[in-house]
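Okay, thanks for making time, everyone.

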Amino acid sequence: MAVLSAQEAQQGSVTGAGVILRLAVPVPLRRLFDYLPPAGLSADDLCPGQRFHVPFGKRDLVAVLVEVVAESPLAELKPASERIDRQPVFDARSRHFLQWAADYYQAPIGELYAAALPVALRKGKPADHWAEQWLELTTEGKGLPETALARAKKQQELLQLLLGSGRQSRTALNARGLTSSVCKALIERGLARWVSGPTAPPPLEPVEPRPAPELNDEQRLVIESVAATGFSASLLEGTTGSGKTEVYLRLMERALRAGHQALLLVPEIGLTPQTLRRIAARFPDFRIAALHSGLADGERARAWLSAASGVADIVIGTRSAIFTPLPRLGVILIDEEHDGSFKQQDGVRYSARDLSVVLAKNAGVPVLLGSATPSLESLHNALSGRYQHLRLRHRAGNARPPEISVVPTFHQQLQEGFAPQVLRHIGDTLRRGEQALVFINRRGYSPALTCDDCGWLADCPHCSAKLTLHRRQRHLRCHHCDYRMREVHSCPQCHSRNLNALGAGTERSEDFLTHSFSDFNVIRVDRDTTTSKQALDKLLEPARNGEPCLLLGTQMLAKGHHLPKVTLVVIQDADGGLFSADFRAPERMGQLLEQVAGRAGRGDLPGKVLVQSRYPEHPLLQLLLNKGYGAFARQLMEERKIAQLPPVRAMALVRAECEEPRWAEEFLVNAREYLQAMAPPSPELQYLGPVPALLERKSGRFRFYLQITAEKRGLLQRILAQFCQWAEGNRNRRLRWAVDMDAQELS
Ligand code: ADP
Ligand code: ZN
Ligand code: ZN
């Protein structure tokens with residue numbers, strides 16, 4: 001090996017063996033790191049996308065090879081300790097995509113690669129661990145007609161399956177009841193053989209195949225408007241129950257039949273067994289990989305690898321599934337594109353919805369964003385012609401739009417938050433044998449516990465927030481940091497027993513409604529009653545079976561569920577979003593109301609929606625209820641234009657948090673100075689802050705942000721990239737900072 005002179009090393013022209021690994025290492029620095037190849041490996045063994053163990057300080061980390069270069073500016077390089085994969089786990093397109101995302105969101109590239117991998121692979125488990133046995137036909141087997149082996153039914157079934165859909169994994173065959181002995185019989189006849197291959201997705205529960213309904217004219221037009229090949233981005237604005245999901249299924253089918261993979265992203269609470277069943281029932285002959293948080297690490301790695309190797313045909317997942325490599329990608333579908341869960345709010349703060357359009361462009365495939373209540377961002381793109389704007393205006397099948405009315409709640413004797421006529425309507429609905437759904441925006445028993453004698457209020461010691469009383473669990477809990485304390489029955493301050501639980505959450509309403517409608521099943525659905533996906537499915541079973549029941553719950557009830565017997569929807573309090581300091585609050589309120597209301601009358605029975613409000617005359621509420629979300633959203637867009645806020649302008653936050661509030665604020669004051677020196681404020685670029693976040697203190701840390709709005713994204717990108725290099729030099733270890741591009745929350 002060539003030995004370098006000191007002079008050469010300083011000039012940064014190290015060549016050595018001329019093979020240097022440039023790796024994405026999972027550390028919070030916005031750069032790649034150079035290593036020498038592990039002992040015994042030469043250039044021929046290296047391929048970008050492979051994982052390596054590398055020494056980093058005193059730690060051993062799992063890094064991804066981004067490129068192999070001949071020179072490094074550094075004088076002394078350590079060798080990587082070990083190559084993990086022979087076959088790269090990231091293909092060229094996904095590496096390019098990750099780099100793009102890292103640049104756009106100002107994210108450390110190594111952390112982004114780590115976020116893209118499922119936990120087991122992030123920890124360095126070799127992909128071979130999940131290698132699988134596949135049964136494939138021999139030339140002789142392929143030559144047989146479907147009618148062969150008629151005397152051995154099981155063998156014939158297996159033969160037909162292999163003839164029809166190609167090789168099958170051992171797991172998939174077992175799931176279909178085709179045992180090893182059936183396989184063995186075929187092998188002994190010389191018709192098939194086992195070969196080793198990549199993992200197949202974990203099998204789903206078997207379901208009865210269900211044929212597709214005949215499309216209506218609107219749906220057909222939408223599908224015809226989306227070109228089968230080449231990049232296009234479309235917004236599908238379609239009322240609840242208008243058959244958007246059916247459109248997704250048809251677009252998926254078209255891609256699958258052309259030999260492509262389909263990616264469907266759904267909100268966190270949208271990935272229910274019900275959703276999976278619907279897709280599995282439609283596509284019994286395709287391999288479905290579901291990437292959701294309910295999977296054990298190993299299963300998740302299998303699902304991911306089956307997608308990345310091209311084995312899975314359909315990939316359904318929540319936000320992070322956008323980073324799964326999909327070598328045969330043919331179409332991307334985003335369900336409920338307005339949903340907040342597509343934006344990651346910590347770590348690498350990306351929007352899977354926005355990234356889906358970039359990915360579709362890179363891959364040259366269509367992407368469809370669907371919602372009954374599109375985000376203003378997507379609506380802006382549609383109205384300005386960047387996206388194709390497609391509409392479904394009518395409910396599919398026989399369902400009609402529900403009738404909506406406001407129930408004013410002032411000057412009324414409310415019972416536990418319900419107006420008398422609302423309770424009457426609920427009773428009537430149940431007695432008719434139908435179902436009612438009551439939406440309450442709060443979990444727990446009561447959002448505040450106070451002392452009537454001295455005014456004590458149960459606060460979280462770590463956050464600027466009140467504790468919520470959870471009476472079932474006999475504790476008070478902080479919904480921001482999860483701090484818990486035992487329920488108290490006397491005031492900790494003055495020992496009075498006159499404690500008062502103010503306001504009602506789902507638990508309290510459940511008590512009241514169970515008591516008021518004791519002849520009927522009352523089902524509470526919130527995060528406390530549905531700790532797993534299965535639990536939600538099980539809870540909703542009586543509702544699906546059509547028996548009269550009263551569902552009450554939080555926004556978990558707002559999405560996805562198709563319950564044709566629900567004919568009454570009650571929104572207990574519509575006012576939350578009208579007066580918030582967050583400019584996005586009215587948009588979110590409008591989406592929620594429309595989505596909840598959309599649960600009413602989805603079957604043959606007509607639906608009714610009752611909305612309780614203290615401000616029935618509020619112009620935004622009036623607009624929403626009389627003209628619907630579409631008109632409401634367009635009005636909000638006008639307001640954003642006047643206020644020069646997103647989506648009309650690009651916006652980024654620089655966030656900082658620290659136990660010592662002064663430090664966080666000072667950091668942002670310096671940040672602003674640094675940025676302004678580079679790009680002074682102008683009509684095209686504005687700075688606001690630092691200001692305290694809406695939740696000023698969380699988990700013991702004080703939180704501030706600096707808000708930057710710009711006419712052009714490019715300018716924002718450039719100055720923030722330089723800012724990050726500057727901020728990485730920040731030596732205060734107790735201060736955390738982050739750039740939040742296209743921030744969704746000011747909280
Ligand atoms: P969305 O996703 O817009 O809420 P779905 O696709 O779930 O709507 O459709 C709502 C209901 O209408 C479902 O039960 C679905 O099976 C049914 N449906 C959808 N399209 C049609 C159609 N063309 N003909 C009959 N029923 C349909
Ligand atoms: Zn007291
Ligand atoms: Zn707290």
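So, keep in mind that this is a predicted model. Let's start at ligand 1, where an oxygen atom sits 2.5 Å from a side-chain N or O atom of Thr245. Arg278 also uses its side chain: an N or O atom there is 2.9 Å from an oxygen atom of the ligand. With Ser242 it's the backbone, with an N or O atom 3.2 Å from an oxygen atom of ligand 1. On its own, ligand 1 would expose 560 Å², and the protein buries 78% of that.

Zooming out a bit, the shell has 16 residues, and among the closest are Glu214, Gln219 and Lys244. By class, that's 8 polar, 5 charged and 3 nonpolar. Helix 10, residues 244-257, gives the largest share of the shell, with 3 residues.

For context, UniProt has an unreviewed entry that lists residues 225-392 as "domain: Helicase ATP-binding". Over residues 225-392 the chain is 34% helix and 22% strand, and the end C-alpha atoms are 13 Å apart.

Now the metal. What coordinates the zinc ion, ligand 3? It's the SG atoms of Cys460, Cys463, Cys478 and Cys481, at 2.2 to 2.3 Å. The 4 donor atoms subtend angles of 105 to 114 degrees, so the arrangement is tetrahedral. For reference, the ideal angle for four tetrahedral donors is 109.5 degrees.

In sequence, the spacing of the donor residues reads C-x2-C-x14-C-x2-C. Cys463 is in the loop between strands 18 and 19, and Cys478 in the loop between strands 20 and 21, so that pair ties together parts 15 residues apart in sequence.

Technical notes
Residues are numbered from 1 along each chain as its sequence is written. Chains are lettered from A and ligands numbered from 1 in the order in which they are written. This is a predicted model: local features need pLDDT of at least 70, side-chain atom pairs count only at pLDDT 80 or more; totals for chains, interfaces and linings use all residues. Side-chain values use heavy atoms; hydrogens and water are left out. UniProt positions are given in the numbering used here, feature names are shortened, and annotations may be inferred rather than shown by experiment. Helices (H or I, at least four residues) and strands (E, at least two) are DSSP runs, numbered from the N terminus. A residue is near a molecule or strand if one of its heavy atoms lies within 4 Å of it. A polar contact is a pair of N or O atoms within 3.5 Å; within protein, one must be able to donate a hydrogen and the other to accept it, and residues adjacent in sequence count only if both atoms are side-chain atoms. Accessible areas come from the Shrake-Rupley method with a 1.4 Å probe; for residues, only the protein chains shown count as cover. Ala, Val, Leu, Ile, Met, Phe, Trp, Tyr, Cys and Pro count as nonpolar, Asp, Glu, Lys and Arg as charged, and the others, Gly among them, as polar. Donors are N, O and S atoms within 2.8 Å of the metal (3.2 Å for Na, K and Ca); water is not among the atoms, so sites may look incomplete. Four donors count as tetrahedral if all angles lie between 85 and 135 degrees; four count as square planar and six as octahedral if opposite donors are over 155 degrees apart and all others between 65 and 115; anything else is irregular.
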